[in-house]
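Have a look at the display first, and then we can walk through it together.

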Amino acid sequence: MNDISPTHPRYHSLLLRDKMAQAYQEGILADTALIAHGRGEAFDYILGEKTNPPANKAIEAATAALLLAKNPVLSVNGNTAVLAGEDMVNLANLIQAKVEINLFYRTPQRVMKVQEVLESAGATEVLGKEDDDYLPLEGLKGPRSRAHPNGVHQADVVLVPLEDGDRAEALVALDKKVITIDLNPLSRTAQKSSITIVDNLVRALPLMMAEVKKLKGCYREDLEKIVNEFDNAENIHNTLDLISQHFKRDERL
Ligand code: PTJ
């Protein structure tokens, strides 16, 4: 771990970089994980490294959808496990969701390492392990098409942070409500998902847990109203507006 001063203006971002670099050395992450992280950092910088109003709106809708779900599943890849494994497990416990590993660059070694991260974060049941049964997800090829019969395969609502576009699209085509957390509002995943939270995973998950506590006592009709009134395309459009305002503001520099 590098010695980073808490007074450094990019302290939190540098801490996360260190965590990712360390996890890469330990073989938890895919070879391209740091590139994906860097893309996320660039968008986060443009978004002011804060949770913006459209993200808060999506967080509310996503939480309502998860509370309404019969079989909610939280899908975890390498980046998600390293950046926010504990928050994913805590959120799953809070809403009684299942946790399932799904890796784009799947190897038995990485699956075991991600499983270890989740178990040491307190997960008692992890699906998608190397020896687990699985059914292929229609419309997808390769290892990422693996879906646990009691997990993603039968889920009605799936949270897929930092997902690839093909898998998000395939899940939507199977009539599942797909919630993603992705800092890039232009990614295919962001555009194709049912509810897109354009925010950093590390900020969005604690806010989702706070929202669960807020919405837990609500009537189903109130939760349904929140979900039905949410317009993902409009919300992404509002995020893109924020980004363009950011650039206009900086024209003076
Ligand atoms: O562990 P694996 O094998 O499943 O591989 C995981 C990665 C992330 C490497 C793989 O799925 C991949 O290549 O993803 P992409 O296609 O690069 O997409 C990752 C998306 O996540 C990009 O749109 C990034 O902007 C976004 N992103 C990166 N870091 C964050 C993020 N979004 C939210 N919070 C972040 N911290």
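## Buried strand residues

A residue is called buried when its relative accessible area is under 20%, and exposed when that area is over 50%. Please keep in mind throughout that this is a predicted model. Leu159, with a relative accessible area of 0%, therefore counts as buried. You will find Leu159 in strand E6, which covers residues 157-159. Between Leu159 and Tyr219 there are 60 residues of sequence separation, and their C-alpha atoms are 22 Å apart in space.

Thr180 belongs to strand E7. Its relative accessibility is 0%, so Thr180 is buried. From Thr180 to Asp131 the C-alpha distance is 27 Å, with a sequence separation of 49 residues.

## The ligand and its surroundings

The space that the ligand takes up is the largest pocket. Two elements each give two or more residues to the shell around the ligand: helix H2 (33-46) and helix H4 (78-95). Helix H2 gives the most, with 4 residues. In total, 21 residues surround the ligand, and the closest are Gly78, Phe104, Tyr105, Arg110 and Asp182.

Taken alone, the ligand would expose 740 Å², of which the protein buries 92%.

## Helix H3

Does the length of helix H3 agree or disagree with its residue count? H3 runs over residues 53-68, which makes 16 residues. At 1.5 Å a residue the helix should span 22 Å, and the C-alpha atoms at its ends are 23 Å apart, so the two values agree.

The buried residues of H3 include Pro54, Ala55, Ala58, Ile59 and Ala61. Further along the helix, Ala62, Thr63, Ala64, Ala65, Leu66 and Leu68 are buried too.

Where does Ser193 lie? Ser193 sits in the loop between helix H7 (188-192) and strand E8 (195-197). With a relative accessible area of 6%, Ser193 is buried. The side chain of Ser193 reaches the backbone oxygen of Thr189 at 2.7 Å.

Most residues other than glycine have a negative phi. Gln96 is not a glycine, yet its phi is positive, at about 55 degrees. Gln96 lies in the loop between H4 and strand E2 (98-101), and with a relative accessible area of 68% Gln96 is exposed. Asp175, also a residue other than glycine, has a positive phi near 70 degrees. Asp175 is in the loop between helix H6 (165-173) and strand E7 (177-181). Its relative accessibility is 72%, so Asp175 counts as exposed.

Note on methods:
Residues are numbered from 1 along each chain as its sequence is written. This is a predicted model: local features need pLDDT of at least 70, side-chain atom pairs count only at pLDDT 80 or more; totals for chains, interfaces and linings use all residues. Side-chain values use heavy atoms; hydrogens and water are left out. The expected span of a helix is 1.5 Å times one less than its number of residues. Buried means under 20% relative accessible area, exposed over 50%, partly exposed in between (1.4 Å probe, protein chains only). A residue is near a molecule or strand if one of its heavy atoms lies within 4 Å of it. Accessible areas come from the Shrake-Rupley method with a 1.4 Å probe; for residues, only the protein chains shown count as cover. On a 1 Å grid over the protein atoms alone, a cavity is a set of points where a 1.4 Å probe fits but cannot get out, and a pocket is an open set with protein on both sides within 12 Å along at least five of seven lines; lining residues have an atom within 4 Å of a point. A molecule sits in a cavity or pocket if more than half of its atoms lie within 2 Å of its grid points. A polar contact is a pair of N or O atoms within 3.5 Å; within protein, one must be able to donate a hydrogen and the other to accept it, and residues adjacent in sequence count only if both atoms are side-chain atoms.
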